[in-house]
Amino acid sequence: QTTGEIHSLAVNTTQNESTQIAVIANQIDSILEPETRELNLHSLREAGAEPYLIPLGVDLRLSHSQKMQFRSMITETLDGIVAVGGADLAPSTYGESVTEAQNFNEARDRSEIALVRDYLTPDRGACFGICRGHQLMGVAMGYKLLQDIPTELPRNRVLHRNSMHTI
């Protein structure tokens, strides 16, 4: 039953020629706040894509084999993935201990990283990231992150924690 419900979230039931894109949303605001959700989805539609929102950590309660099946359904059905902004990534996902990161969810981060890695496999599809999504892509490829730019690079003037900002 769970796999069928998830399948309906990821599969396009219409017959059109647009590029089908999975949008993974890390924060509840990315799903519920109409302005943020519509900005992301509208931009993709304007570019000719048909976006499918994959809810927060939708596979967290699945068994390992169900998770693999779920990710396979997405990567085999949809042409690409967009990871949008949100909370910090758990430092453990890139081999660090917590120094400045906050508001992360390690289980959800690992789920998203696994899906991104599936798309990074040759012939799977395109990967795009917005803000946190760029960080997610980097970690999926084995890179480390700075947990807080103002603290770790005090001369840098990037100030965007917990705010909307131009990308």
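The model is predicted, so local features are described only at pLDDT of at least 70 and side-chain atom pairs only at pLDDT 80 or more, while totals for chains, interfaces and linings use all residues. Residues are numbered from 1 along each chain as its sequence is written, and side-chain values use heavy atoms, leaving out hydrogens and water.

Helix α5 covers residues 106–120; helices here are DSSP runs of H or I with at least four residues, strands are runs of E with at least two, and both are numbered from the N terminus. The expected span of a helix is 1.5 Å times one less than its number of residues. At the start of the helix, a side-chain oxygen of Asn105 comes to within 3.3 Å of the backbone nitrogen of Ala107.

Which residues of α5 are buried? Among them are Ile113, Ala114, Leu115, Val116 and Tyr119, where buried means under 20% relative accessible area, exposed over 50%, and partly exposed in between (1.4 Å probe, protein chains only). The buried residues of α5 pack against β1 (19–24), α4 (64–77), β3 (80–83), β4 (126–129) and α6 (132–140), with contact taken as heavy atoms within 4.5 Å.

Helix α6 is mostly covered, with seven of its nine residues buried. Leu136, Met137 and Val139 are included in that group. The partners of its buried residues are β1, β3, α5 and β4. Just after α6, Gly142 has a positive phi of about 100°.

Most residues other than glycine have a negative phi. Asn103, however, has a positive phi near 60°; Asn103 sits in the loop between β3 and α5 and counts as exposed because its relative accessibility is 56%. Cys131 also has a positive phi, near 55°. Cys131 belongs to the loop between β4 and α6 and is partly exposed, at 22% relative accessible area.

Finally, Leu53 is part of strand β2 (residues 49–54). How far is the C-alpha atom of Leu53 from that of Ala22? The two atoms are separated by 6.0 Å, although the residues are 31 apart along the chain. Leu53 counts as partly exposed, since its relative accessibility is 23%.

Conventions. A polar contact is a pair of N or O atoms within 3.5 Å; within protein, one must be able to donate a hydrogen and the other to accept it, and residues adjacent in sequence count only if both atoms are side-chain atoms.
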